[in-house]
Amino acid sequence: MSHALVTIVATVKGSDIPTIRKEIEALGNPAGDEIKEALDKTGVIHFASLHALESASGPDGHLVLEFSGDGEESALLDQIEKDLGEWLKPIFQHAHGFEAAQSLAEFLKSKAHTLKQGYFSTVGLGFAGTPGMSVKRIRAERDLAYHVAGMLPDEYLRHPTESSALKILTDIRQRIGAEVNWKWALTAEPTPLLGPEKSQAVPIPQIAIAGVLNFLWPVLLLTVVAWVITGWFVRWSGHSRLDAFFAIVMATGAVVIATLIVAWYIAAKLRKMEDSDLADDLNPDPKHYAEITKRENVAAQNHLCVQSVMKAGWIRRFLIRLSFFTIGQLAVRKYRPGFLDTLGTIHFARWILVPGTGDLLFFSNYGGSWESYLEDFITKAHGGLTAVWSNTLGYPRTEWLVNKGATDGDRFKRWARGQQQPSLFWYTAYEDITTAGIRTNAAMRQGLAAAQTEDEARHWLSLFGSKPRPSAALETSEIQCLLYGGLKSLKHAKCLFFDLGDSNKAVDWLRSVKSQVSYGDMQPDECAFVLGLAPSILTKLNLPSEAIDTFPNVFQQGMTAPVRSRVLGDSGKNDPANWWWGKRGEGIDGVVMLYCSTQEILECATSELVKNLNGHGGAIVNQVPLMEVTSKEPFGFQDGISQPIIQGTFLARRNPDPLNLVAAGEFILGYPDNRGYFPPSPSIAATEDPENRLALVPGSRDPQTAFSTTVVEAPRDLGRNGTFLVLRQLEQDVDRFNLETGRLAHEVNQEPEWVQAKMMGRWKNGSSLVRNPTFAAKAADRGERAALVTGSAIPASGAGNAAPSLEASVPVPTPVAENTAQLVVRVNAGEPPLEAISEPGPAAESGKADNEKESKTAKKPESRPDNDFLYGRDDEQGLRCPFGAHIRRANPRDSFTPGSQEQIDISNRHRILRRGRQYIPQGEQKPGLMFACFNADLERQFEFIQQTWVNNTSFHGLNGEMDPVLSTGGKDRCSFTIPMPDGPPIKLTGLSSFVTVRGGGYFFVPGRRTLEFLAK
């Protein structure tokens, strides 16, 4: 369906305009009942308006009829005469040249203007915001939407996430197909309105070629003439062909240079004119304003008529042609159909520069209020608006044609009101619907006819009462609950690793437990059931090998594969052969993680799970009881401080630190990642999902095109709303950690807590070294004499052997005032620490001599867990937090390239979502952590951190060092460097491994729909 934007401009006497306006006003805004009924019956007119406008170029005025219709202009004008002649003919009899006996249609055709940007055409631009949509279709699909909305079942309205969208859609189709009046809706029609953007980039070459043909054809013609004359002259004068060629080249160059000079002149002249332009800063006349506003907001749309006056000069005439041309090209080649940039509220609009005058007219039929429409222009399409109207008088000041202008929003709106003319007659064919509603109804009709999968059906149902869910919006109720938080209030927990043996009852077992799995961000009151599937269970669940092959190779290999052990550093005592569970060859098909409010509920849930497994030929391989969530891990450090926050979750809406805000696709499959791409996800052929229950693989359907593309054969997404879980049981040798850090502290004449903090990157209370670099140990009431040191320790008098000298002083923070702080350290390495002394520095109160200063005991800084820092920006040399410290390795932020946002983005590509708890030691086991983390890409996230950052001996330019807290290396290769501000760094050598891996595995944590699919 093509649209005709018909614009009729006839000349009338200025003295007749008041009379004409009264006749127009009698037609009504909104249109009176009789003329509205006549227009409605045509079934082809979308919008129409009629205006009598005074001209700024002479005593005469303009009688303007503008309307938008379905079909060809000539036929529409014949229709206008037939159905509206009795109202319009008396009015147009005021026009110059109209004869009483003349056909109205013929007169209107003679005054119709085709809007183009060429030198010999009527200057203007038309825009259709609902391409391909006829009046009949818009009305029919509106009525269909109301009808279908009334057919939605009550169970969907009450529990939309628990209903099968595809089943609901199928039922509605059957009912629609049985109704003669609605059966047409089951046939999809082409819908250009729902098309995507033409291109992600501005198609500059195509626009440039079209621009040359439209504007520079005189230059091309001049060039050809120059070639002809030059060639003729050279040939006549008897010169050679080579001479002719060079002469033509020179002639062409002369034309090009002349063109560039003209372009330079236009640019220079434009800037000069812009500097001298006067902006109209007056409020519109109150009576004029009242006449305009009393006719607004009578329908879902409004009408706008603006009459402005062109600035003098040919340059402005050329620039407005160029502006219209550029906007038109972008609308055709770049923007989504029906949009100007991102502005999508216009139904139909047009600009026209009335020939022979300086009157620029703008007519628009738009959805919403005048205020919202102008605000949309100001924020979304101000460049194009300014490019046009900057060529008219009184417009807000501009720069280089497109800058400023409409961005000065208040002045622009004041100017627009002053230029606006009352819409005395205005008609709309569908007064209750905006462009957004038309798009939604069109998508609803397409989905009714074409949607074939559960994913499409859900998208279709979202059209009723809400906008379609954006691709980045989480399907919260489809995602297992542990991803939203650590379930802190469910204090009693257990990991149960199971094996389903060789039983063919795996699907039956999964079907029996799928309803127990906990989803969503609302924590269960009594018990949460989290399920992870190991690679070995996929075959037992009858997944085709082609589908299994779509799972990441890392997951299929498993954590215990030799290649994975090399990546993770699992060798020696950490070799999987020595693990308590998850050893190579040990049959583990999955894990159930139970979180319960009481121990009794936990034991009851465990008993039921064991009984159910046994009944299906399976068994529990290992159980690991977990402690309640505590604020500290076994080494005594505050835990859980630096956690990423998933965009789209509740926490993300509570003003989080942007540094930790990470796209959902980094952790949950089926959503965009930090770079806007959908990470690869396990998939299955459409033929394996005959009920179309699974979501489509991302990219199978463009949400902007609704249901216009066929997706029945598109692969289905097994990973949607799922993720990959890493479990590693890490035993921590707390006694050895305290013993060795105490020994090392003695060797460097420091406190054990200082050494431990340097190794970790935080103090035990969670405060970072970056923000809190000093530590003041609690004084022992022993009466030892403290020594103030700035570079090395000073032995106490009569203290026997001197303590080992410090290689550098302990770094201190920069005080707010100009006072300096100096740290007191112990004199004898074998003695307990002394208290810190704070002494006034150079900025101390004047009048006090140095020998009168008294040392005062410093209070330990009131610090708390903090995370709003950047290593590169705040500690580029590692003087506060050493390069090799655990938290700097685990998340380097901008450490490699200080201050670089790109480096932060790179680091965020490797974030993991931790959800671990300490396990409860059994027998002679040492305490430790059941490390658990979620990630969308095991190799890029968990394994990268482990291999490239934690275990990398050359991390950040270091040599022979590994993570001093978490690494699993031996004494022969473990050392740790602490940079110092006033001397060489401290080198701690002979570090033991404090953490031993006792079990581990990779698990796939499916979303709700995938789990239901697997259970079938």
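Glu740 is buried, with a relative accessible area of 5%. Its partner in a salt bridge is Arg743, with 3.8 Å from N to O. Arg743, at 33% relative accessibility, counts as partly exposed. Both residues belong to helix α24 (residues 734–747), where they sit three residues apart, about one turn of the helix. All of this comes from a predicted model, so please read the values below as computed from that model.

## Charged pairs

Side chains of opposite charge can pair when their charged atoms come close. Across the whole structure, a search finds 58 salt bridges.

| Asp277 | Lys311 | 2.8 Å |

Let's begin with the salt bridge between Asp277 and Lys311. Asp277 lies in the loop between α10 (241–276) and α11 (286–293), while Lys311 lies in the loop between β6 (301–309) and α12 (314–333), so this pair ties together parts that are 34 residues apart in sequence. Asp277 is buried at a relative accessible area of 13%, and Lys311 also counts as buried, at 11% relative accessibility.

Glu475 and Arg720 are both buried.

Salt bridges also join up into a network, whose members are Glu666, Asp673, Arg909, Asp937 and Arg940.

## Aromatic rings

A pair of aromatic rings is described by the distance of the centres and the angle of the planes. How many aromatic pairs does the count come to? The count comes to 36 aromatic pairs. One of them joins Phe92 and Phe107 in an edge-to-face arrangement, with 6.3 Å centre to centre and 65 degrees between the planes. This pair links distant parts of the chain: Phe92 is in helix α3 (residues 73–92) and Phe107 in helix α4 (residues 104–111), 15 residues apart. Phe92 counts as buried at 0% relative accessibility, and Phe107 counts as buried at 2%.

Phe551 and Phe1004 form another edge-to-face pair, at 5.3 Å centre to centre and 85 degrees between the planes. Phe551 lies in the loop between α20 (545–548) and α21 (553–557), and Phe1004 in strand β31 (residues 995–1005), so the pair ties together parts that are 453 residues apart in sequence. Both Phe551 and Phe1004 are buried.

One aromatic cluster brings together Phe324, Trp351, Phe362, Trp389, Tyr395, Phe412 and Trp415. Rings also meet charges: Arg417 lies over the face of Trp370, at 3.7 Å from the ring centre, and the charged end of Arg271 sits over the ring of Trp400, 5.6 Å from its centre.

## A phenylalanine in a strand, and the cysteines

Phe931 is found in strand β28 (residues 928–935) and counts as buried at 13% relative accessibility. Beyond residues up to four places away in sequence, Phe931 touches Val726, Leu727, Arg728, Leu730, Ile912, Arg914, Gly916 and Phe942. Leu730 and Phe931 are 201 residues apart in sequence, yet 6.8 Å apart in space from C-alpha to C-alpha.

Finally, the count of disulfides comes to zero. As for individual cysteines, Cys305 is buried with a relative accessible area of 0%, and Cys933 counts as buried at 0% relative accessibility.

Conventions: Residues are numbered from 1 along each chain as its sequence is written. This is a predicted model: local features need pLDDT of at least 70, side-chain atom pairs count only at pLDDT 80 or more; totals for chains, interfaces and linings use all residues. Side-chain values use heavy atoms; hydrogens and water are left out. A salt bridge is a side-chain nitrogen of Lys or Arg within 4 Å of a carboxyl oxygen of Asp or Glu. Helices (H or I, at least four residues) and strands (E, at least two) are DSSP runs, numbered from the N terminus. Buried means under 20% relative accessible area, exposed over 50%, partly exposed in between (1.4 Å probe, protein chains only). A disulfide is a pair of cysteine sulfur atoms within 2.5 Å. Contact means heavy atoms within 4.5 Å. Rings of Phe, Tyr and Trp (its six-membered ring) pair if their centres lie within 6.5 Å; planes under 30 degrees apart count as stacked, over 60 as edge-to-face and the rest as tilted. A charge sits over a ring if NZ of Lys or CZ of Arg is within 6 Å of the ring centre and within 35 degrees of the ring normal.
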